[in-house]
Amino acid sequence: MESVISPGLVISLILVVIGIFIIAKGLVIVRQSEVMVIERLGSFNRVLESGVNIIIPFIERPRAIIMTRYVRIGDEYHPSSSFETRIDRRETVMDFPGQPVVTTDNVTVNINGALYYQIIDPRRAVYEVANMSQAVEVLAKTTLRSVVGKMELDKLFESRSEVNNAIQAEMEEAASKWGVKLTRVEVQDISMPEEVEEAMRLQMAAERKRRATVTEAEGEKSAAIAMAQGQRESAILNAEGDKESAILRAQGEQESIRLVLSAIGDTEDNKQTVIGYLLGQSYIKVLPNMAKDGERVFVPYESSALLGSMGMFRELAGSPEDIVRQSVKQDGLRGGMVASAGNS
């Protein structure tokens, strides 16, 4: 028995197939951190967020965005462009190849940078700029040349963070019109010509030598200051010692003169005799030191006369010590005679 397929069954099958196709085409699952820009009949309609979404096939369709990325193969970067209907809203890094930049002191350097950005407004990223990633890349390169061109080479190495902040600040306004947020900009490598590197090495060697010389000079200065302070303190202590010694000697001589005068009598002649004797002793003590300085010694006339007087004084009356002893004996003898007379 032959089976007959009715036209109604065929139509039903066709409708089921069409329904399955429509559901398959209209059911869109958007993953987390992704969005899709939907156009209806060529005009913007809405943005699909993460989750299950339904669109009308043939009437609504996602709008693709052009993304350009660089693939590093060895030391070379190769660009790769693609049309993507799913827009990633995560932070993305763009590692663009090195760019020749001229500093303000006319040195050409090759700078390799990295740019971190995030799509905040997918609608603007699609409709406000033709190729968002390429526009951000070109903006980063031109801004890098502008910022580095205002700086000297030494300043560039010392303040990379300032360069990064300046590039980010200048790019922020333009990137915000495209619905893009720049999170940070990093200057990775700075390459220079060989002659510039050699000059910098010589400069660094000279700077190290200068620092070593300055450090050595400061050490010698500190040592000289410490030595001078030590000599000063030593001289002060020696002077104080000489002062105290001179005071003690003067006090001793004063006591000696007082004892001699009390023994021989406190008359004007005796004073002159004792003073002359003491001065003569001082000359005698100095003469050996004077004789060490040369073969001939010139003695002042007054000193020779004084020495002669001392000799005469010793011959006639003896030394002051003898006078004291003689005076003591006479006083003892006088006392004995007085005692004898009293007893008789």
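**Close-ups of a bent helix and some ring contacts**

**View 1. Helix α5 takes a bend of about 40 degrees at M171.** The bend is the angle between axes fitted to the seven residues ending there and the seven starting there. This is a predicted model, with local features needing pLDDT of at least 70 and side-chain atom pairs counting only at pLDDT 80 or more. Residues are numbered from 1 along each chain, and side-chain values use heavy atoms, without hydrogens or water. Helices (H or I, at least four residues) and strands (E, at least two) are DSSP runs numbered from the N terminus.

View 2. V163, N164, I167, Q168, M171 and A175 are buried (under 20% relative accessible area; exposed is over 50%, partly exposed in between; 1.4 Å probe, protein chains only). After α5 comes G179, with a positive phi near 75 degrees.

**View 3. F44 and Y127 form an edge-to-face pair.** Rings of Phe, Tyr and Trp (its six-membered ring) pair if their centres lie within 6.5 Å; planes under 30 degrees apart are stacked, over 60 edge-to-face, the rest tilted. That rule gives two aromatic pairs. Here the F44 and Y127 centres sit 5.9 Å apart with planes at 80 degrees, so the pair is edge-to-face. F44 is in strand β3 (43-48) and Y127 in helix α2 (122-127), so the pair ties together parts 83 residues apart in sequence.
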